[in-house]
Amino acid sequence: MSKIRDFFYNKENQHTVDIIKDVVSWVVVTGLSYVYWVAMLLLISLFLLNVWHVTWEQIVRYSIGLMIVTSVVYMITIFRRRWKEK
């Protein structure tokens, strides 16, 4: 455990640690955005029950599309933040 802690606290490895943090945060945001969009689309489908006739498969497809858009926007945000630091 000491080697892992030393790796993360070493000043020479700080750039690598920052990249690992960005990748992990991107994965977490992507996963959470899928759950968020599924929940929001389920709520919208309940409110619009007589207007929007949707199946579970359509909700999953819409959620995957919205998750991809959210993931790309977050990735662009990470790259812009990295670019400004240089």
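Helix α2 comprises 34 residues and reaches 48 Å from its first C-alpha to its last, close to the 50 Å expected at 1.5 Å a residue. The model described here is predicted. Helix α2 also gives the most to the lining of the largest pocket, and several of its residues are buried, among them Val38 and Leu41. These two residues are also in contact with serine 63, whose place is in helix α3.

**Helix α2**
- The buried residues of α2 are Val17, Asp22 and Thr30, together with Ser33, Val38, Leu41 and Ser45.
- Asp22, one of these buried residues, is also among the lining residues that lie nearest the centre of the largest pocket.

**The largest pocket**
- The volume of the largest pocket is about 190 Å³.
- Ten residues line the largest pocket, and those nearest its centre are Ile19, Asp22, Val23, Ile78 and Phe79.
- The elements that give two or more residues to this lining are α2 (14-47) and α3 (56-85).
- The contribution of α2 to the lining is five residues.
- By residue class, the lining consists of six nonpolar, one polar and three charged residues.

**Serine 63**
- Serine 63 is located in helix α3.
- Serine 63 counts as buried because its relative accessible area is 0%, and buried means under 20%.
- Apart from neighbours within four places in sequence, serine 63 is in contact with Tyr34, Trp37, Val38 and Leu41.

Note on methods: Residues numbered from 1 in each chain as written. Predicted model: local features only at pLDDT ≥ 70, side-chain atom pairs only at ≥ 80, totals over all residues. Heavy atoms only, no water. 1 Å grid on protein atoms, 1.4 Å probe; cavity = no way out; pocket = protein on both sides within 12 Å on 5 of 7 lines; lining within 4 Å. Points joined across faces, edges and corners; volume = space filled by probe spheres on them. Helix = DSSP H or I, 4+ residues; strand = E, 2+ residues; numbered from the N terminus. Nonpolar A, V, L, I, M, F, W, Y, C, P; charged D, E, K, R; others polar. Buried < 20%, exposed > 50% of the residue type's maximum accessible area, 1.4 Å probe, protein only. Contact = heavy atoms within 4.5 Å. Expected span 1.5 Å × (residues − 1).
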